[in-house]
Amino acid sequence: MKNAFSLLFVASLLAACGRSEKKEETTTQSTTTQSTADSTLATAPDSKNCRSVVESDKLGKSDVFQESAKPITVTLTLAQDSSATQADDGCYFNNTITVLAAKKSGSQVFKRTLLKDDLLYFIKTDDVVERSVLQQVVYKPTFNAQRYITLTMQLVEPVSKKKADYTVTMNYFGEIIKVK
């Protein structure tokens with residue numbers, strides 16, 4: 001009885017192993033055909049040919065802001081994103097802004113990278129944001145000792161050159177509280 005049981009067990013293991021190898025071969029063949037099909041269907045515009053709405057000398061430079069009423073300094077650094085916004089006359093690079101808040105002693109309070117897409121959670125119409133590119137961000141002094149930071153994000157539509165300003169209020173944890 002033990003021999004019959006062990007023989008049946010070994011036979012079922014061999015059968016199961018043989019099936020799994022065949023399944024692996026078919027799944028690898030199907031995934032390679034899917035990935036080649038996906039790469040041919042999703043041909044994005046070449047980001048090397050995209051233009052920028054920001055002058056190159058402003059990218060990567062940090063602007064440091066300090067208020068006498070607040071115990072922190074705010075550093076804003078504008079950088080070029082790897083994504084692009086498609087327009088009628090080509091594509092334009094999106095930009096990001098890195099917000100670094102530090103105490104006067106030098107210890108970091110928070111660091112956050114803002115994108116134009118962060119505004120979509122707070123505004124009703126997203127058409128303007130989707131067509132636009134982040135051009136600049138400016139620190140807006142609040143002249144009080146409250147624990148939040150106010151920034152003005154300026155978006156520009158590349159084709160029509162229309163500008164839209166959004167006031168972003170962030171707390172000391174780097175969270176966006178509200179957008180006007």
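Arg-112 is partly exposed, with 23% relative accessible area, where buried means under 20% relative accessible area, exposed over 50%, and partly exposed in between, using a 1.4 Å probe and protein chains only. Its salt-bridge partner is Asp-118, the closest N and O atoms lying 3.6 Å apart, and a salt bridge here requires a side-chain nitrogen of Lys or Arg within 4 Å of a carboxyl oxygen of Asp or Glu. Asp-118, at 14% relative accessibility, counts as buried.

This is a predicted model, in which local features need pLDDT of at least 70 and side-chain atom pairs count only at pLDDT 80 or more, while totals for chains, interfaces and linings use all residues. Residues are numbered from 1 along each chain as its sequence is written, and side-chain values use heavy atoms, with hydrogens and water left out.

The structure holds two salt bridges, and one of them joins Glu-157 to Arg-131 at 3.4 Å, N to O. Glu-157 sits in the loop between strand E6 (148-156) and strand E7 (163-171) and Arg-131 in helix H2 (residues 127-131), so this contact ties together parts that are 26 residues apart in sequence; helices (H or I, at least four residues) and strands (E, at least two) are DSSP runs, numbered from the N terminus. Glu-157 is buried at 16% relative accessibility, whereas Arg-131 is partly exposed at 42%.

A search of the whole structure finds one aromatic pair. Phe-65 and Tyr-139 are stacked, 5.4 Å centre to centre with 25 degrees between the planes; rings of Phe, Tyr and Trp (its six-membered ring) pair if their centres lie within 6.5 Å, and planes under 30 degrees apart count as stacked, over 60 as edge-to-face and the rest as tilted.
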